[in-house]
Amino acid sequence: MFAFASLVALASAALPNVLAHGGVLSYGIEGQIYQGWKVGSGNWYPALRTSPSSLLHSSPSSEDRPYNSPDGQTTIQRPWATYNPITDPTDPTLACNDDGTSGALQLTANAKAGDAITAYWNQPWPHPYGPMLTYLAQCPGSTCTGVDASTLSWFKIDEAGLLSGTIGDGYWGSGKMIDQNSSWTTTIPTTVPSGNYLIRFETIALHSLPAQFYPECAQINISGGGSRQPTTDELVKFPGAYSSTDPGLTVNLYTNEALTETTYIIPGPPLYGSGSGSAAPSPTSAPSTPSSTTAPAATTTAAAGTVAHFGQCGGSGYTGATACVSPYTCTALNDYYSQCL
Ligand SMILES: *[C@@H]1O[C@H](CO)[C@@H](O)[C@H](O)[C@H]1NC(C)=O
Ligand SMILES: *[C@@H]1O[C@H](CO)[C@@H](O)[C@H](O)[C@H]1NC(C)=O
Ligand SMILES: [Cu+2]
């Protein structure tokens, strides 16, 4: 205990105000912002949680939590236990970065199939090497409140791995997330059945091994959905979906081979609706989803009349181009900001 306390003191002294880790702090659904669990004053700093994860994840103290106390907080986000990474793919907290329970005053956001939903991480997100993944899990009853996240079956609706370049020095989904205001936008497929879901945004950091998982969840009630249930092959459990031997979780960025390797296999099940679903996750060395374009960032210069993916295309006081490059459409996020999504 003495040694651990000393290490914590050292870590705090060495990194006074730098946020080394974090999580999803808020959400946006078609222009409406939903705050996540509030950050508690005085405890939002990088603590040392690299010692035995079983010990450290079993009973987070108030200092380890990203909020002072859940008392009185109402949010669509599920409570989460720590801003430190989960580093074991069998960790029981892998579903939503907590014990799976909902908040005492848990809220649910309404969303429509086809809506764009954005997760905002703390800024700037510090880890640019690794994939972005978004999952949905339908809750069995008329609400997700009270449903244990670890009992649900999840399917992947969005992923972005190595977008360009090599494993060793390429551009990753998480690098793009940082370039996009440390946020990630996923469109709810129009084909998912209406109902109550948990949505799980995850970024995985590969700058050191073992890989670091940063998942948080929110409750949404999807209306106007379709009729395509996820197939058996598309459904996974957390924990269960990942293994410590997955090729996408064991890549070493710092080898000579990494500087020539352009194929990265995104962990987890095949994408929802991606085909038969019976094959192993397919290697992706190129953009594989509509959210992955060759435009590296929202700041990409676009020709007149063609705004790049995630670029601004409207809003009060905006005078620039309003037409989005195919296949994106200009979507009003609020009165002041419309974005090509
Ligand atoms: C979900 O939305 C449907 C349709 O709008 C509504 O009838 C239902 O009450 C909602 N359920 C919850 C838990 O919010
Ligand atoms: C960037 O993200 C922050 C939340 O982290 C949000 O308040 C802000 O509106 C975002 N900016 C844009 C241009 O979307
Ligand atoms: Cu970190």
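Accessible areas are computed by the Shrake-Rupley method with a 1.4 Å probe, and for residues only the protein chains shown count as cover. On this basis the chain exposes about 14,400 Å², of which carbon and sulfur atoms supply 56%.

The structure is a predicted model, in which local features need pLDDT of at least 70 and side-chain atom pairs count only at pLDDT 80 or more, while totals for chains, interfaces and linings use all residues. Residues are numbered from 1 along each chain as its sequence is written, chains are lettered from A and ligands numbered from 1 in the order in which they are written, and side-chain values use heavy atoms, with hydrogens and water left out.

**Chain**

The chain has three helices and 14 strands (DSSP runs numbered from the N terminus: helices are H or I with at least four residues, strands E with at least two). Of its 341 residues, 50% are buried (under 20% relative accessible area with a 1.4 Å probe, protein chains only). Among contacts (heavy atoms within 4.5 Å) with a separation of 6 or more, 73% are between residues 24 or more positions apart.

**Cores**

A nonpolar core is a set of buried Ala, Val, Leu, Ile, Met, Phe, Trp, Tyr and Cys residues joined through side-chain atoms within 4.5 Å. The largest holds 32 residues, and Trp154, Ile167, Leu198, Ile204, Phe238, Tyr242 and Tyr264 touch the most other members. At least two residues of this core come from each of β5 (132–138), β10 (195–205) and β11 (212–223). The largest share, three residues, is supplied by β5. A second, separate core has 31 residues, including Tyr27, Trp125, Trp184 and Tyr272.

Leaving aside residues up to four places away in sequence, Ile167 touches a set that includes Leu162, Trp172, Val251 and Tyr264.

**Strand β5**

Six of the seven residues of β5 are buried, so the strand is largely enclosed by the rest of the structure.

**Ligand 1**

Which residues surround ligand 1? They are Ser142, Asn196 and Asn221 (a heavy atom within 4 Å counts as near). A polar side-chain atom of Asn221 lies 2.4 Å from an oxygen atom of ligand 1 (a polar contact is a pair of N or O atoms within 3.5 Å). Taken alone, ligand 1 exposes 360 Å², and the protein buries 37% of that.

Terms used
Polar contact = N/O pair within 3.5 Å; in protein donor to acceptor, adjacent residues only side chain to side chain.
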